[in-house]
Structures are given as structure tokens and as C-alpha cells.
Amino acid sequence: MDLSTIRKKLQKKDKSHYSAPEELVTDVRLMFWNCAKFNYMISACGSTEWLFIPSQPDSEVAEAGRCLDEFFEDKLKEIYPDRHFPSMQQDDSDSEDVESQN
């Protein structure tokens with residue numbers, strides 16, 4: 001997931017446009033999850049699954065992603081104070097899409 005895809009889905013003329021705030025929030029959180037996964041974390045393969053161990057940010061991209069994620073979550077609480085949006089699940093990452101493109 002990336003900002004250009006999110007922007008496209010914000011346009012009503014797009015056939016896959018967002019029809020509910022939850023869809024937008026899910027995609028934005030997926031984008032931040034992927035940013036952290038590919039720029040901020042060390043991955044280690046366990047016996048049956050991948051484990052993601054937080055590390056220090058290794059790039060400006062990682063730090064910018066973390067800051068923007070915090071800003072987004074704060075604004076989300078401000079705009080929807082009484083609404084709960086589902087949290088991201090680790091297996092929601094679209095890393096499979098990236099791997100299949102390589």
C-alpha cells in the first residue's frame with residue numbers, strides 16, 4: 001500500500017473508491033505497517049513464521065513514517081473520538097505482493 005493508491009481510492013470516480021472510513025483507516029495503517037516492516041524493523045525467520053523485532057530507525061524514511069503514523073492516529077482520535085477502528089494484524093502486510101513482484 002502507498003499514498004498514490006490511497007489517493008486514487010479517495011476519488012469517487014475510481015471503481016474501488018472508499019465507501020467507509022474504516023477502509024481508508026485500514027489502508028493507511030497498512031501503509032505505515034509496511035513502512036515499519038521494510039524500514040524500521042529487523043526480521044528473523046522462526047520455525048514456522050516471521051518475527052519482527054523493533055530496532056532503531058535506520059533511515060529518515062523510517063523516522064518520518066513513525067512520526068506521520070503518530071500524527072495520523074492522533075488526528076483520527078480527534079475526528080472520531082467515540083469510534084474504534086480495528087487494529088492492524090501482522091499478517092495484513094502486503095509483503096507478499098512485493099515478494100511476488102521480485
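View 1. What you see here is a predicted model, where local features need pLDDT of at least 70, side-chain atom pairs count only at pLDDT 80 or more, and totals for chains, interfaces and linings use all residues. Residues are numbered from 1 along each chain as its sequence is written, and side-chain values use heavy atoms, with hydrogens and water left out. Look for Arg 83, which lies over the face of Tyr 80 at 5.1 Å from the ring centre (the rule asks for NZ of Lys or CZ of Arg within 6 Å of the ring centre and within 35 degrees of the ring normal).

**View 2. The rings of Phe 32 and Phe 72 form a tilted pair.** Rings of Phe, Tyr and Trp (its six-membered ring) pair if their centres lie within 6.5 Å; planes under 30 degrees apart count as stacked, over 60 as edge-to-face and the rest as tilted. By this rule there are two aromatic pairs. In the Phe 32 and Phe 72 pair, the centres are 6.1 Å apart and the planes are at 50 degrees. Phe 32 belongs to helix H2 and Phe 72 to helix H3 (residues 60-79), so this pair ties together parts 40 residues apart in sequence (helices are DSSP runs of H or I, at least four residues, numbered from the N terminus). Both Phe 32 and Phe 72 are buried.

View 3. Phe 85 is buried, at 5% relative accessible area.

How values were computed
Helix = DSSP H or I, 4+ residues; strand = E, 2+ residues; numbered from the N terminus. Buried < 20%, exposed > 50% of the residue type's maximum accessible area, 1.4 Å probe, protein only.
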